[in-house]
Structures are given as C-alpha cells and as structure tokens.
Amino acid sequence: MAVRPQHGEGLTLTGHEAVDLEKIELDCLLEALYRRYGFDFREYAPASLRRRVNRRMNLEELPSISALQERVLRDPAVMERLLLDLSINVTAMFRDPSFHLAFLAKVVPLLRTYPFTRIWVAGCSTGEEVYSLAILLEEESLYDRSRIYATDINEDVIERARLGVFPLAKMQDYTRNYISAGGKRSFSDYYTSAYDGAAFDRSLMRNVVFAQHNLATDRSFNEFHVIVCRNVMIYFERSLQQRVFDLFDESLARLGVLALGHKESLRTSAHADRYEELDVVERLYRKKK
Ligand SMILES: C[S@@+](CC[C@H](N)C(=O)[O-])C[C@H]1O[C@@H](n2cnc3c(N)ncnc32)[C@H](O)[C@@H]1O
C-alpha cells in the first residue's frame with residue numbers, strides 16, 4: 001500500500017500544496033478560536049480572513065498560522081488582538097450620506113405612524129453610525145419615541161461607542177457628510193472639543209442600549225420596527241449571510257424595515273419574496289407580512 005507523505009520538515013511544497021496547507025491551518029485556527037473563546041469566524045469570507053490572519057501572524061512575529069493558533073489558545077491578549085483584526089471596525093459618521101437621505105425620505109414617514117419604535121443597529125462598531133442615527137431622529141422629533149439597540153461582536157468597540165469620543169481630525173469630513181445627509185443644524189452643536197477628541201453630547205445616548213451580540217451564534221432578543229445592518233455581511237460567506245437573514249426576519253415586526261445599505265442585498269436570500277423594496281440603491285426593504 002502506498003503511504004502518502006505528510007507535510008513535514010525537509011519536504012518541498014508545490015504552490016498548490018502550500019495553499020492547501022495554509023487552508024488547513026486557517027481552519028484549525030478558526031476552530032480553536034471558536035472552541036476556546038466562542039467566537040465563530042468559520043463562515044467568514046476566506047480571502048479577507050486570510051489577509052487579516054497573515055497580518056496578525058506577522059505583527060506577532062510568528063512563522064506560521066499554526067504558531068499563531070498555539071499563541072491564541074494560550075494567551076487571551078493575542079486572541080483580543082486577533083479579534084480586533086478579524087472584526088474590521090472601519091466606520092464613519094453619516095457614512096454614505098445617500099443612505100441617510102433615503103432613510104429620511106422612505107423610512108422616517110413610516111416611523112411617524114408608530115407611537116414608539118425599536119431600532120436595532122447590528123454591527124455598530126465604535127458607534128459613529130449610532131450617533132448619526134440618534135441625530136437624524138432628534139432632528140425629525142422622533143428620538144423621544146425611539147429606542148436604539150446597538151450591538152457588535154466586539155466588546156472593545158462597544159466600550160468606545162459608549163464613550164462617544166471620536167477623533168477631532170475627522171470632524172471636517174463628518175461635517176461634510178452630515179450636510180450631504182440632510183443635517184439641519186450646525187454639526188458642531190453636537191460635540192465639544194477636548195484635546196484631539198470630539199466628545200459627543202451625552203444626551204444623544206439617552207435612548208440607546210449598547211450590548212455585545214454575535215450575529216453568527218446569538219439568538220434574537222427583541223422585536224424591532226427597523227433593523228440597520230450595513231457593511232457587516234459583506235465579510236460573511238453565503239451560508240452565514242442566510243442565517244443572519246433568518247435572524248433578522250425573526251426579529252422584525254410585520255411591516256418592519258430592514259436597512260442594508262448599498263453593499264448588501266436581500267435578493268439572493270430565501271426571504272426576498274416576503275419583502276418589498278423601498279429603495280433599490282440603498283437596499284431598504286419592508287417586510288410584507
Ligand atoms: C466595517 S464595520 C461596519 C460598522 C457600521 N455598521 C458601518 O457601516 O459603518 C463591521 C462591524 O461588524 C462587526 N461584526 C463582524 N462580525 C460580527 C458578528 N458576527 N456579529 C456582530 N457584529 C459583527 C465588526 O466587529 C465591526 O464592528
């Protein structure tokens with residue numbers, strides 16, 4: 001019987017074998033992360049995962065993904081650094097102003113018909129999106145009858161979101177976004193500058209609940225009139241996207257709105273038929289029944 005050689009010392013790997021080996025190592029790392037800490041990245045899009053893992057491996061000065069796995073298993077501080085890499089927290093205030101304009105035109109009139117609305121911002125990162133939404137609702141006189149539940153997989157970014165202090169250097173861009181998004185006041189009314197930070201008005205958070213929630217593994221926790229989830233599911237494989245759509249469908253009230261932004265779409269989901277498109281470009285959907 002022929003014995004297949006195992007990859008080992010002294011063996012030269014062809015390009016194809018090296019890629020396969022890296023895939024095995026990556027799968028093992030994700031399995032270890034899940035079994036040791038409960039964070040499930042096993043159904044995230046592999047190309048971006050691989051880039052992030054390689055980056056962390058180099059920053060930790062480790063020779064292989066297996067060596068990173070060994071570290072992650074034994075050292076929670078390395079796990080936290082890897083988690084920050086994997087969860088990709090890029091965000092901005094009034095990001096994609098056209099989304100906010102569409103929200104103002106198509107969703108705000110629906111919100112006026114409810115005495116009280118519960119809104120879930122899933123994958124809220126460091127909170128810029130939540131402060132933007134709070135400002136939008138405040139300016140439409142809807143904030144006092146709204147409650148925003150803002151969640152993310154990553155406890156660190158939630159902590160920063162709670163603080164509400166964003167880099168002062170970003171305020172010029174954010175002011176531009178705010179104006180393009182239909183902002184009605186002077187943007188600087190909402191924050192005070194201290195050193196290099198812009199501290200946002202605490203009262204903007206009076207109706208916000210921040211919590212850790214993992215879209216890949218946690219259950220529905222309330223019924224919402226609006227769910228906003230932008231720039232999150234692009235990092236997921238199709239199977240995980242489908243499960244998250246199931247979770248959102250379960251969590252949305254009848255006639256509730258799912259706001260995905262222009263990068264994600266409900267079109268390929270099993271639920272597509274049960275939603276009407278309120279805005280084709282900004283992917284605002286309303287549940288029919
Ligand atoms: C690129 S940011 C998008 C932030 C914001 N929604 C926006 O559009 O600016 C993606 C966020 O999704 C979060 N995330 C990734 N996987 C998640 C999961 N399984 N459950 C909850 N949040 C997740 C990340 O931690 C990160 O903060």
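L33 counts as buried, at 2% relative accessibility. Buried means under 20% relative accessible area, exposed over 50%, and partly exposed in between, with a 1.4 Å probe and protein chains only. L33 is found in helix α1, residues 15-37. Helices (H or I, at least four residues) and strands (E, at least two) are DSSP runs, numbered from the N terminus.

Neighbours within four places in sequence aside, L33 is in contact with G38, F39, F41, V72, M79, L82 and L86. Contact means heavy atoms within 4.5 Å.

## The model and its overall build

This is a predicted model, in which local features need pLDDT of at least 70 and side-chain atom pairs count only at pLDDT 80 or more, while totals for chains, interfaces and linings use all residues. Residues are numbered from 1 along each chain as its sequence is written, and side-chain values use heavy atoms, with hydrogens and water left out.

The protein has nine helices and 10 strands. Its C-alpha trace spans about 75 × 50 × 30 Å along the principal axes. Of its 289 residues, 50% count as buried. The accessible surface comes to about 14400 Å², and carbon and sulfur atoms hold 51% of that. Accessible areas come from the Shrake-Rupley method with a 1.4 Å probe; for residues, only the protein chains shown count as cover. Take the contacts with a separation of 6 or more: residues 24 or more positions apart account for 75% of them.

Helix α2 covers residues 46-59, 14 residues in total. From first C-alpha to last it reaches 20 Å, close to the 20 Å expected at 1.5 Å a residue. The expected span is 1.5 Å times one less than the number of residues. S48, L49, V53, R56 and M57 are buried in this helix.

E61 has a positive phi of about 55 degrees although it is not a glycine. E61 is exposed, with a relative accessible area of 73%.

## Where α3 crosses α4

Helix α3 (residues 65-74) and helix α4 (residues 76-87) have axes that come within 5 Å and cross at roughly 115 degrees. Axes are lines fitted to C-alpha atoms, for helices over the stretch in contact, and angles run from 0 to 180 degrees between N-to-C directions. On the α3 side, L68, R71, V72 and R74 take part; they meet P76, V78, M79 and L82 in α4. The residues of this contact divide into six nonpolar, no polar and two charged. Ala, Val, Leu, Ile, Met, Phe, Trp, Tyr, Cys and Pro count as nonpolar, Asp, Glu, Lys and Arg as charged, and the others, Gly among them, as polar.

V72, M79 and L82 are also among the contacts of L33.

## The seven-stranded sheet

Seven strands form an open sheet, in the order β6-β2-β1-β7-β8-β10-β9, with mixed pairing. Two strands pair if DSSP finds at least two bridges between them. β6 (208-212) and β9 (275-279) stand at the edges; each has a single partner strand, so one side of each is left without a neighbour in the sheet. Neighbouring strands are turned by 20 degrees against each other on average, direction ignored.

Strand β2 (residues 146-152) and β6 pair in the parallel sense over five bridges. T151 stands opposite A211 in β6. β1 and β2 also pair in the parallel sense, over six bridges. There, R147 in β2 is the bridge partner of R118. Six of the seven residues of β2 are buried, so β2 is largely enclosed by the rest of the structure.

## Helices on the sheet

Helix α5 (residues 97-111) packs on the sheet, touching β1 (117-122), β7 (224-228), β8 (252-259), β9 and β10 (284-287). The direction of α5 makes about 20 degrees with that of β10. Helix α6 (residues 128-139) packs on the sheet too, touching β1, β2, β6 and β7. The direction of α6 makes about 170 degrees with that of β2.

D279 is found in strand β9. At 11% relative accessibility, D279 counts as buried. Neighbours within four places in sequence aside, D279 is in contact with A102, K106 and L284.

S125 lies in the loop between β1 and α6. Its phi is near 50 degrees, a positive value in a residue other than glycine. S125 counts as buried, at 6% relative accessibility.
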